[in-house]
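Morning, everyone. Please put the model up on the screen, and I'll talk you through it.

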Amino acid sequence: MYKKYKIVRKVKESSLVYSLYLEPLDGAVTEPFLPGQHLMFRFTIPGSDIPLFRYYSFSEIYDPKFYRVSIKKEGVVSSYIFDHLQVGEIVEAKGPQGTFALEVEKDHPVALFAGGIGITPLLSMAKAIALINPARRVALFYGVNDRDNHSFKEEVSALKAYPNIQVHTFYNNVTPADVAGADYDYQGFIDLNLLHSDFKDAQSGYYICGPAPMMHFVENSLLERGVDANQIHMESFASLAAPEETETEVAAGAEGDTTGKEAIKIYYNREGRELEWDSRYRSILEFSEAHDIEIVSGCLFGDCGTCLTTLMKGEVKYMHPTMIEPAAGDCLPCSCVPVTDIVLDV
Ligand SMILES: Cc1cc2nc3c(=O)[nH]c(=O)nc-3n(C[C@H](O)[C@H](O)[C@H](O)COP(=O)(O)OP(=O)(O)OC[C@H]3O[C@@H](n4cnc5c(N)ncnc54)[C@H](O)[C@@H]3O)c2cc1C
Ligand code: FES
C-alpha cells in the first residue's frame, strides 16, 4: 500500500545529491526497516502521463518520526526531485522493502564498499552498527569521484570516532585544495589490501553498492581472496550490465517493439484480469504496479529472484542481463517485458 509523506527538509549533500526528510502525512510512526532497504516511490510528474516508479534507499538509521532518502541527479525523476520538489510537498511511497539488508545485531565483522551514491544504504548500515552494536567490527570503503561529489563528508568522517569502525575514503581526482587525512584518505581506486586481518573470519559479511565496474572489481577481488560468494551481497542502482552490453541487449529486443502492431495482452491468472501491455513501462513489474497488481520485489534488477513468477504462456524479453537465470516457464518481471501475449501465475 502506498503511503503519503510530506517533505519536511531538503538538504544538499554534494553538488548533485539532495537528501529528503519525509514524515508520514497521517502523523503515524514510520514503519521500521533494516539498514540497506529502500522505499518504492510512485511519482506523477509533468510531462509523463504514466506513473513513474523509482527506488530510494534509506540513508539514515531508523527514526520513528521520519525517513531520510538521498537522491543523485541523473535522469527524468531525480532531476525533477533535484530541481523542483520543495519542502511541504507530498510524495507517495511503498515499503520498506528490499533484500539488501543487514542484521545489525550479529557479531561477525562486516566490510562495506560504497561507490558514489551507493553510499546511501551502506551509511545507514554503518551508523546502525555504531549505535546498536558498538562491539562489531566495520570497515567502510568509500570511493568518491572528487570533492564536489563527496556526499555525507562530515557524517562519514564522524564514524572514525568509533573504535570498532575503520573508514577509508578514496578520491579519484585530487586537487591541490584537497587535504589528505581530512578530505580524503587515499587517491585512486578502492584498495582491498586495507582490509584488516579480522576479515579472515569466514562468517564476515561483505556489502557492495556502487557503479557496475566498481562492484565487479570488488566482488572479483573478494572471490580471489577466497571469500565465499554467499557472504557477498550486492545492490545495483542500475543494471550491472556494461553499457555496451545493455545497448546491444535492448537493441536485440527491438523487434519486440509493439508500435503499430497488434496490442500485446497480459493475463494475470490468479487475479483473473487481462490488461493491454503499455510499452512506456520499463518492466512487467512496473506496469503491474501501475495497475494495482503487486509482484513482490527485492533488488529490481534480476539479481535476487524475489519476483520470480511462473510464465504460464507466451514470451518475454529481458532488458538487461540478470544474475538469476530463470528456468523455462518462469520469468523475472522486474527485468523483462512481454513480446507476445503472456499468462502470468499472478
Ligand atoms: C534498490 C534500489 C535502490 C536505489 N537507491 C537509490 C538511492 O539511494 N539514491 C539514488 O540516487 N538512486 C537510487 N536508486 C536509483 C533510482 O531508483 C533511479 O534509478 C535513479 O534516480 C535514476 O532515475 P531517473 O528517473 O532520474 O533516471 P532515468 O530517466 O530513469 O534514467 C537513468 C538510467 O537508469 C536505468 N534504470 C534505472 N532503473 C531502472 C530499472 N528499474 N529498470 C530498468 N532500467 C533502469 C535506465 O536504463 C536509464 O538509462 C536505487 C535503485 C534501486 C533499484
Ligand atoms: S526483484 Fe530481484 S530478481 Fe526481480
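Which residues are closest to ligand 1, and how many surround it? The count is 21 residues around ligand 1. The closest are Arg54, Tyr55, Tyr56, Val77 and Ser78. Keep in mind that this is a predicted model.

Now the polar side of that site. Take Ser78: an N or O atom in its side chain is 2.5 Å from an oxygen atom of ligand 1. Next, Ser57. A polar atom of the Ser57 side chain lies 3.1 Å from a ligand 1 nitrogen. A polar backbone atom of Ser70 sits 2.9 Å from a nitrogen atom of ligand 1.

Let's zoom out to the domains. The chain divides into domain 1, residues 3–97, domain 2, residues 110–235, and domain 3, residues 246–344. I'll stay with the first pair. The C-alpha centres of domain 1 and domain 2 are 24 Å apart. On the domain 1 side, 19 residues make contact, and they meet 16 residues of domain 2. Between them, domain 1 and domain 2 bury about 1400 Å². Carbon and sulfur atoms account for 56% of that. Who loses the most area in domain 1? Glu13, Pro35 and Ile61 do. Together, these residues make up 31% of what the domain 1 side buries.

What about polar links across this interface? There are 5 residue pairs in polar contact between domain 1 and domain 2, with both residues at pLDDT 80 or more. Which elements of domain 1 give two or more residues to the side touching domain 2? Strand 1 (3–14), strand 2 (17–24) and strand 5 (67–72). Strand 5 gives the most, with 3 residues. By class, that side of domain 1 has 6 nonpolar, 8 polar and 5 charged residues.

On to the charged pairs. How many salt bridges does the structure hold? It holds 18. Across the interface of domain 1 and domain 2, the count is 2. Look at Glu155. Glu155 forms a salt bridge with Arg68, with the closest N and O atoms 2.9 Å apart. Glu155 also pairs with Lys127, and there the closest N and O atoms are 2.8 Å apart. That Lys127 pair links distant parts of the chain. Lys127 is in helix 2, residues 119–132, and Glu155 is in helix 3, residues 153–158. The two are 28 residues apart.

Last, two spots in the backbone. Most peptide bonds are trans, and most residues other than glycine have a negative phi. Here is an exception to each. The peptide bond from Gly95 to Pro96 is cis, with omega near 5°. Pro96 belongs to strand 6, residues 90–97. Then there is Asp292. Phi of Asp292 is near 60°, a positive value in a residue that is not glycine. Where is Asp292? In the loop between helix 6 (284–290) and strand 15 (309–313).

That's my tour. Over to you for discussion.

Methods. Residues numbered from 1 in each chain as written. Chains lettered and ligands numbered in written order. Predicted model: local features only at pLDDT ≥ 70, side-chain atom pairs only at ≥ 80, totals over all residues. Heavy atoms only, no water. Domains from an automatic or database assignment. Contact = heavy atoms within 4.5 Å. Buried area = accessible area lost by both parts, 1.4 Å probe. Salt bridge = Lys/Arg side-chain N within 4 Å of Asp/Glu carboxyl O. Polar contact = N/O pair within 3.5 Å; in protein donor to acceptor, adjacent residues only side chain to side chain. Helix = DSSP H or I, 4+ residues; strand = E, 2+ residues; numbered from the N terminus. Nonpolar A, V, L, I, M, F, W, Y, C, P; charged D, E, K, R; others polar. Near = heavy atom within 4 Å.
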